[in-house]
Amino acid sequence: MSRDGKVVTMSQESQPATALAEAAATAGHAPSVHNTQPWSWRVLPDALELRSVADRQLAASDPEGRLLAVSCGAALHHARVALAAQGWRAVVRRRPDPDDSALLARLTDLSRVPADPEAMRLVQCMRVRHTDRRPVSDEPVPISALDQITRAVTGEGGRLHILDRDQVLELAATAGQAHAVEAEDPELRAELAYWTSRADAGTGLTAEVLPEQPAQTTVPGRDFGRPGSLPIGPGHDQAAAYAMLHGDEDGPDSWLRAGEALSAGWLTATRLGVSVVPLSAVVEVPGTRQTLRQLLSGIGFPYLVLRLGIADPAHAGPPHTPRLTTAQVVDTSAVR
Ligand SMILES: Cc1cc2nc3c(=O)[nH]c(=O)nc-3n(C[C@H](O)[C@H](O)[C@H](O)COP(=O)(O)O)c2cc1C
């Protein structure tokens with residue numbers, strides 16, 4: 001019983017700090033470039049702070065921090081949804097301190113609301129969502145699913161452009177150029193080698209999630225510089241759809257929002273049985289990023305390309321990539 005006499009459940013009486021700590025822990029499931037998980041959280045009695053972690057920024061391939069911010073935005077959206085699923089509403093202040101660029105968001109002014117069933121479903125999706133780099137099956141993604149994924153992205157302030165056949169062919173050529181540029185650069189190669197050889201570190205990509213040989217795809221997937229052990233079979237990606245996540249601005253604010261939109265779209269895709277693989281090399285290389293911009297006819301700035309498809313149902317996909325422990329990314333010392 002609450003102090004004003006209303007009957008409340010145990011969870012409704014839970015403290016904001018408990019819910020915030022749980023939301024930050026749940027956000028650990030979020031996708032990030034090369035599984036860098038470049039975020040940390042600080043739980044305060046009545047607020048939650050999200051910071052970027054410079055040590056886990058890709059200095060060679062992402063010097064501006066675009067993909068770092070997109071990754072952190074995905075974690076922020078995960079935390080927001082996890083809070084809503086627990087029946088809390090928070091005010092989100094993005095990049096609240098102009099003198100502290102690492103402070104990406106502060107969630108404050110918590111209030112109780114009914115637990116959101118849609119958010120609860122999306123939290124379930126967070127636990128199963130993963131990147132499956134095998135070629136997709138021959139089954140096309142239903143138009144209705146593409147519409148729902150696009151709406152989820154738009155709901156978070158992003159835009160998703162589904163590429164037509166000619167644009168996919170142009171993307172394929174552009175991806176080939178990006179991979180050639182990256183393969184020539186010793187710093188980029190060393191960076192990739194570092195993030196693909198961190199077994200047991202809780203970050204990076206393990207051999208089990210990387211294809212054992214290049215898949216037959218219209219648009220080439222990233223060349224990770226080493227073969228993995230993920231069997232990919234003879235399939236071809238003919239039924240895949242390709243989409244470009246984009247927006248009006250090209251700066252840290254919009255990259256963070258793009259990450260939130262990515263998370264919303266990817267979780268919705270997971271709910272609908274649609275597999276998503278981000279392709280970021282084309283965005284990392286300045287020249288090919290410019291080509292993508294032309295492909296959008298100058299109407300926006302590209303943040304990420306996504307391959308969408310229905311995963312091969314006959315064979316098991318890759319396992320989940322490892323994650324840092326909650327204790328490594330969530331600081332609860334202020335509420336203990
Ligand atoms: C901003 C961003 C860029 C990414 N770029 C690529 C990419 O170019 N190629 C790829 O295969 N996966 C890419 N990924 C997927 C990550 O490698 C993946 O999310 C991470 O390893 C965690 O694995 P999980 O998604 O299975 O949980 C990207 C993810 C994000 C968020």
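Student: In which sense do E3 and E4 pair, and over how many bridges?

Tutor: This is a predicted model, in which local features need pLDDT of at least 70, side-chain atom pairs count only at pLDDT 80 or more, and totals for chains, interfaces and linings use all residues. Residues are numbered from 1 along each chain as its sequence is written. Strands (E, at least two residues) and helices (H or I, at least four) are DSSP runs numbered from the N terminus, and two strands pair if DSSP finds at least two bridges between them. For E3 and E4 the sense is antiparallel, over six bridges.

Student: What is the order of the strands in the open sheet?

Tutor: The sheet has five strands with mixed pairing. Its edge strands, each pairing on one side only, are E3 (88-94) and E9 (330-331). The order is E3-E4-E2-E1-E9.

Student: Which residue in E4 is the bridge partner of Glu49?

Tutor: Strand E2 (residues 47-52) runs antiparallel to strand E4 (residues 103-112), and four bridges join them. In E4, Ala105 stands opposite Leu50. The partner of Glu49 is Arg106.
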